[in-house]
Amino acid sequence: MRLTVIGTGYLGAVHAACMADIGHDVLGVDVDADKITALAEGRPPFYEPGFDEVLTRALASGRLRFGTSLREAATHGEVHFICVGTPQRAGSHAADLRYVDAVVDGLVPHLPASCLVVGKSTVPVGTTARLTDRIAGLAPAGVRAEVAWNPEFLREGFAVEDTLRPDRIVVGTVGREADETLRRVYAPMLEAGVPYISTDPSTAELVKGAANSFLATKISFINAMAEVCDASGADVVTLADALGHDTRIGRRFLNAGLGFGGGCLPKDIRAFTARAQELGAGPAVDFLAQVDEINERQRTRTVDLARRLAGGDLADRRTAVLGATFKPNSDDVRDSPALAVAAALHREGADIRVHDPEGIANARRSHPELHCEADLLTACQGAELVLHLTEWGQYRELDPVKLARVVRRPVLVDARNTLPHDEWRAAGWTVEALGRPVPADRSPAARADKPLRATIASPTIETDHSDLRSPALPTGLS
């Protein structure tokens, strides 16, 4: 089939390449000419594991090309996918749909024949009905463009896998013809047994917001329990393990830590709440404000913990921040909890050194006030405090014994609760995390007369990190 994909960010670029890879003739369109040039040359404008291979393969097949013209898109496509961003509206929690509307306004007047317009962007419930009316007023005489909604469920870091082998496909249509068309688009997935849920547009529009709201609630619930654990001396990781054995709850995403961020989850739950209020159903989702508040509070609590471990004053304290992206396996730093904490520490006078395997360039652009290091060892050199803020695999591979020789004071805040604390403590580190009790022999009272061991770094900085990895752990992710 001839498809267009309008908007080539994470969602659109991956969707376009994957649709071409399964056999469709695809035109990707974006107003950003530099991005389009990069994609057309096989250069991904963002980091996403596996995407470069799919993009290269799709371009080589001749089934994928890119452009900037909505007029060209109108003449090319039988099905037009809208994949533009829906950011939070300035001064409001509601979604800003100006980019969705701009696609419709620029595409529909040039349509030469009837077609299907499919939204994949995350939008408020009722958007399909609104766009249907808008399109009816813009379409040329005799041209009918039906609107359907097909929400995306991509996870950054797994976007290719989630597109080619999704855990479900949801489509909201008002007619049988649109549903049959989308079944043809996704035929290889359906043949592989992927569940296909055909419903009305309103339900389809609600699915993504509801899914993100549930996920955010689960994450914030265990972070709320971390606060209770800190107050009571309990261990939130053991608590989560015990809860996770209950099949009604499950262990996935029940990990206490710094909380969620990124360009989707925070703004999506706010937009979901705002739309419910517009519909008169605000009280039903009032709890999501608490979910959001708990998530934001984890950042403040992490800063408070860092300040305490620095002796109450962060001024001029050399601090290594491990992680800049909002999650691993991505270079996305939008609403990154890691950078939010780093920036807060910087405002208190800390001498920040940020490292990230893929996100340094974006971190430098978004936070020019922070000192970012592409080299992990350089970032940790002479540090009095190390904060683990994004759970990249290579940080779990670090050898704490060898890293202790690089820092000035071996003090670690594991804000993601994923490092082996016993191993780090055995190597001489002071380790603390939200929701985790400090062993009695490692408590501040027990160490009141025992100053933290200081290790002075060698004046020569090596750039080979292989000696920092634990020999007992795999090294393939470094």
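Author: Let us begin with one contact in this predicted model: Ala13, Val14, Ala17, Cys18, Ala20 and Asp21 of α1 meet Phe51, Val54, Leu55, Arg57 and Ala58 of α3. By class, this contact of α1 with α3 has nine nonpolar, no polar and two charged residues.

Reader: What makes α1 oblique to α3?

Author: Helix α1 (residues 10-21) and helix α3 (residues 51-61) pack at an angle of about 50 degrees, with their axes 9 Å apart. Angles under 35 degrees count as roughly parallel and those from 65 to 115 as roughly perpendicular, and an angle of about 50 degrees therefore makes α1 oblique to α3. The crossing of these two helices, α1 and α3, is left-handed.

Reader: Why is α10 called roughly perpendicular to α12?

Author: The axes of helix α10 (residues 201-232) and helix α12 (residues 265-278) cross at roughly 115 degrees and come within 9 Å. Since 65 to 115 degrees counts as roughly perpendicular, the crossing at roughly 115 degrees makes α10 roughly perpendicular to α12. The crossing in which α10 passes α12 is left-handed.

Reader: Which residues of α10 and α12 meet?

Author: From α10 come Leu206, Lys208, Gly209, Ala210, Asn212, Ser213, Leu215, Ala216 and Ile219, and they meet Leu265, Asp268, Ile269 and Phe272 in α12. Sorted by class, the contact of α10 with α12 has eight nonpolar, three polar and two charged residues.

Reader: How do you know that α12 and α13 are roughly antiparallel to each other?

Author: The angle at which α12 and helix α13 (residues 287-309) pack is about 155 degrees, and their axes are 10 Å apart. Angles over 145 degrees count as roughly antiparallel, and α12 and α13 are therefore roughly antiparallel to each other. Their contact is made by Ile269, Arg270, Phe272 and Thr273 of α12 and by Leu288, Val291, Asp292 and Glu296 of α13. In this contact of α12 with α13 there are four nonpolar, one polar and three charged residues. As for handedness, α12 passes α13 in a left-handed crossing.

Reader: How many cavities of 30 Å³ or more does the count come to, and what lines the largest cavity?

Author: The count comes to one cavity of 30 Å³ or more, and about 40 Å³ of space lies in the largest cavity. A cavity is a set of points where a 1.4 Å probe fits but cannot get out. The lining of the largest cavity consists of Lys120, Ser121, Thr122, Val123, Trp149, Pro151, Glu205 and Lys208, which divide into three nonpolar, two polar and three charged residues. Lys208 is also one of the α10 residues that meet α12.

Reader: Which element gives the largest share of the lining of the second largest pocket?

Author: The largest share, four residues, comes from α8. The elements that give two or more residues to the lining of this second largest pocket are β5 (115-119) and α8 (176-185). The residues lining the second largest pocket are Met1, Glu78, Val79, Ser114, Cys115, Leu116, Arg144, Glu146, Glu177, Ala178, Thr181 and Arg184. By class, this lining of the second largest pocket has five nonpolar, two polar and five charged residues, and about 240 Å³ of space lies in the second largest pocket.

Conventions:
Residues are numbered from 1 along each chain as its sequence is written. This is a predicted model: local features need pLDDT of at least 70, side-chain atom pairs count only at pLDDT 80 or more; totals for chains, interfaces and linings use all residues. Side-chain values use heavy atoms; hydrogens and water are left out. Axes are lines fitted to C-alpha atoms, for helices over the stretch in contact, and angles run from 0 to 180 degrees between N-to-C directions. A crossing is left-handed if the near helix is turned anticlockwise from the far one by less than a right angle, and right-handed if clockwise. Contact means heavy atoms within 4.5 Å. Ala, Val, Leu, Ile, Met, Phe, Trp, Tyr, Cys and Pro count as nonpolar, Asp, Glu, Lys and Arg as charged, and the others, Gly among them, as polar. On a 1 Å grid over the protein atoms alone, a cavity is a set of points where a 1.4 Å probe fits but cannot get out, and a pocket is an open set with protein on both sides within 12 Å along at least five of seven lines; lining residues have an atom within 4 Å of a point. Grid points are joined across faces, edges and corners, and a volume is the space filled by probe spheres set on the points.
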